[in-house]
Amino acid sequence: MKNVLIIGSTGQIGSELTMKLRGIYTNGNIVAGYIKGAEPKGVLAESGPSAEVDITSAEQIAQAVDKYQVDTIYNLAALLSAVAENKPQLAWKIGVGGLFNVLEVAREKHCAVFTPSSIGSFGLNTPKDHTPQDTIQRPNTMYGVTKVSGELLSDYYAHRFGVDTRSVRFPGLISYVTPPGGGTTDYAVDIYYSAVKGETFKCPIAAGTFMDMMYMPDALRAAIEIMEADASRLVHRNSFNIASMSFDPEMIYASIKKYIPDFKMQYEHDHLRQAIADSWPNSLDDSCARAEWDWKPEFDLDTMTRDMIEKLRVKFSK
Ligand code: AKB
């Protein structure tokens with residue numbers, strides 16, 4: 001992997017992944033793909049090339065691939081779960097129509113493709129605890145429908161056309177850099193912002209609702225390591241369960257209170273997000289990722305909390 005196009009480079013994952021790839025592949029073109037109105041700014045704009053790439057335009061994707069001789073595409077364009085429930089047609093257009101465009105360009109121009117799936121690809125009748133790698137996937141959200149369709153389409157392009165498609169099922173991702181927008185797991189980011197700002201946190205998710213979460217540095221490493229993995233060891237491709245921690249609001253609250261003892265939280269339920277969270281697993285079994293490409297997380301809840309608070313304090317002191 002030398003020349004990489006990141007579609008959705010200014011989003012929650014893309015903004016950090018682009019910078020990390022630029023730090024690793026210093027001799028390549030790491031192209032920050034963006035849509036009109038979400039242009040890269042600051043260091044993201046200054047540290048490498050960028051190109052307008054709307055995932056709904058196969059032509060724009062192909063132009064960027066040709067111009068920068070791209071060999072790997074990170075397809076990060078998607079609407080998160082709660083927004084997708086409110087805009088299901090657009091979620092399908094971006095999540096499935098957009099992926100189809102990416103895969104067609106990749107087939108013609110011989111690119112490898114990473115497209116994240118999610119814990120949202122599971123549904124109410126999936127085993128809830130230690131959810132296996134290969135299990136029932138019948139989600140009842142549009143987000144989940146696009147993620148399962150994406151997994152199937154990516155596997156189809158791999159076995160039918162030989163496109164090197166790979167993916168992981170991301171848990172809720174927690175970061176102090178770019179906030180997420182419209183996800184069910186966003187509360188686990190927002191809670192740190194409230195704590196560091198000295199505000200009472202209004203938690204939209206009920207106590208006792210467990211979901212898998214992951215600190216962004218582990219997620220970025222997973223996205224890079226799966227694309228670098230030895231293909232001959234991969235039994236699975238789209239998409240691997242990965243996991244590092246599972247918690248409910250009470251646990252993350254308690255973890256933050258160790259460092260900010262007077263922090264307060266109240267519950268103010270959001271019915272849409274709660275219904276989505278209730279349909280997702282409590283925790284995933286990531287043994288296939290560990291066995292097939294040596295996946296191993298580095299952060300747990302407490303090490304993440306310490307780092308988040310430290311980094312947000314620096315951010316807010318500027
Ligand atoms: C969301 O909450 O929509 C995402 C996800 C878990 O895929 N963060």
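The buried residues of helix α7 are Tyr187, Ala188, Val189, Ile191, Tyr192, Tyr193, Ser194, Ala195 and Val196. The model in which they sit is predicted.

- Helix α7 spans residues 187-197, and nine of its 11 residues are buried, so that the helix is mostly covered.
- Gly198 follows α7 and has a positive phi, near 80°.
- Helix α9 runs over residues 249-257, where the buried residues are Pro249, Ile252, Tyr253, Ser255 and Ile256. These residues lie on the same side of α9, because they cover an arc of only 160° around the axis.
- The cover over the buried residues of α9 includes α7, along with β10 (201-203), β13 (245-247), β14 (265-267) and α12.

**Ligand site**

- Around the ligand are Leu80, Ser81, Ser118, Ile119, Tyr143, Gly172, Gly183, Thr184, Thr185 and Trp280.
- By class, this shell holds four nonpolar residues, six polar residues and no charged ones.
- For Thr185, an N or O atom of the side chain is 2.9 Å from a nitrogen atom of the ligand. The ligand taken alone exposes 260 Å², and the protein buries 94% of that.

- Arg169 belongs to strand β8, residues 168-170.
- Its relative accessibility is 2%, so Arg169 counts as buried; the cut-off for buried is under 20%.
- The side chain of Arg169 makes a polar contact with the side chain of Gln137, at 3.5 Å.
- Beyond its neighbours within four places in sequence, Arg169 is in contact with Ser117, Ser118, Ile119, Ser121, Phe122, Gln133, Gln137, Glu151, Ser239, Phe240, Asn241 and Ile242.
- Of these contacts of Arg169, Ser118 and Ile119 are also among the residues around the ligand.
- Ser239, another contact of Arg169, is joined to Asn238 by a cis peptide bond with omega of about 25°.
- Ser239 is placed in the loop between α8 (216-228) and β12 (240-241).

**Loop between α11 and α12**

- Lys296 is in the loop that connects α11 (287-293) and α12 (301-317).
- Lys296 counts as exposed because its relative accessibility is 57%, and the cut-off for exposed is over 50%.
- Leaving aside neighbours within four places in sequence, the contacts of Lys296 are Arg221 and Arg290.
- Lys296 and Arg221 are 75 residues apart in sequence, and their C-alpha atoms are 9.6 Å apart in space.
- Asp294 is also found in the loop between α11 and α12. Phi of Asp294 is positive, near 60°, in a residue other than glycine.
- With 49% relative accessibility, Asp294 counts as partly exposed.

**Loop between α5 and β5**

- His110 lies in the loop between α5 (88-109) and β5 (112-114).
- Phi of His110 is near 60°, a positive value in a residue that is not glycine.
- His110 counts as exposed because its relative accessibility is 69%.

How values were computed
Residues numbered from 1 in each chain as written. Predicted model: local features only at pLDDT ≥ 70, side-chain atom pairs only at ≥ 80, totals over all residues. Heavy atoms only, no water. Helix = DSSP H or I, 4+ residues; strand = E, 2+ residues; numbered from the N terminus. Buried < 20%, exposed > 50% of the residue type's maximum accessible area, 1.4 Å probe, protein only. Contact = heavy atoms within 4.5 Å. Arc of directions from axis to C-beta. Near = heavy atom within 4 Å. Polar contact = N/O pair within 3.5 Å; in protein donor to acceptor, adjacent residues only side chain to side chain. Areas by Shrake-Rupley, 256 points an atom, 1.4 Å probe, with all protein chains shown as cover. Nonpolar A, V, L, I, M, F, W, Y, C, P; charged D, E, K, R; others polar.
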